[in-house]
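Open the model in your viewer and keep the selection panel at hand. The tour begins with aromatic rings and then moves to a helix.

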Amino acid sequence: VSPQAAFYAEKKCMPIRETAGKICGEFVMCYPPGIPIITPGECMTEEIIRQELYDRDIGLPVQGMEDQTVRYLQVVKADETKQ
């Protein structure tokens with residue numbers, strides 16, 4: 001899904017550990033330096049989930065997510081990807 005379509009699509013909030021295979025609906029980045037780990041429209045993988053949780057657990061400032069505790073992620077609702 002394009003970043004624009006994912007950003008503006010209807011989303012649902014899911015526990016981050018359950019998002020493998022889902023389309024991300026928000027930016028997730030460590031700041032500094034501000035380089036995204038994942039952007040809207042990209043498919044979540046187990047590797048990305050592990051990286052996000054690792055970054056959170058070691059105290060890096062994960063930003064861009066609606067849930068600042070890095071426990072939940074906004075993902076695109078399944079019917080939105082069939083456009």
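Start with the rings of Phe, Tyr and Trp (its six-membered ring), which pair if their centres lie within 6.5 Å; by this rule the count comes to 1 aromatic pair. This is a predicted model, in which local features need pLDDT of at least 70 and side-chain atom pairs count only at pLDDT 80 or more, while totals for chains, interfaces and linings use all residues. Residues are numbered from 1 along each chain as its sequence is written, and side-chain values use heavy atoms, with hydrogens and water left out.

Select Phe7 and Tyr8. Their rings pair edge-to-face (planes over 60 degrees apart), with 5.1 Å centre to centre and 85 degrees between the planes. Tyr8, at 63%, counts as exposed (over 50%).

Next, select residues 46-57, helix H2 (a DSSP run of H or I, at least four residues). Colour Ile48, Ile49, Glu52, Leu53 and Asp55, which are buried (under 20% relative accessible area). Seen down the axis of H2, the buried residues fall within an arc of 160 degrees (directions from the axis to the C-beta atoms), so they line one face of the helix. On the other side of H2, Glu47, Arg50, Tyr54 and Asp57 are exposed.

Finish at Gly59, which follows H2 and has a positive phi, near 90 degrees.

How values were computed
Helices (H or I, at least four residues) and strands (E, at least two) are DSSP runs, numbered from the N terminus. The expected span of a helix is 1.5 Å times one less than its number of residues. Buried means under 20% relative accessible area, exposed over 50%, partly exposed in between (1.4 Å probe, protein chains only). Rings of Phe, Tyr and Trp (its six-membered ring) pair if their centres lie within 6.5 Å; planes under 30 degrees apart count as stacked, over 60 as edge-to-face and the rest as tilted.
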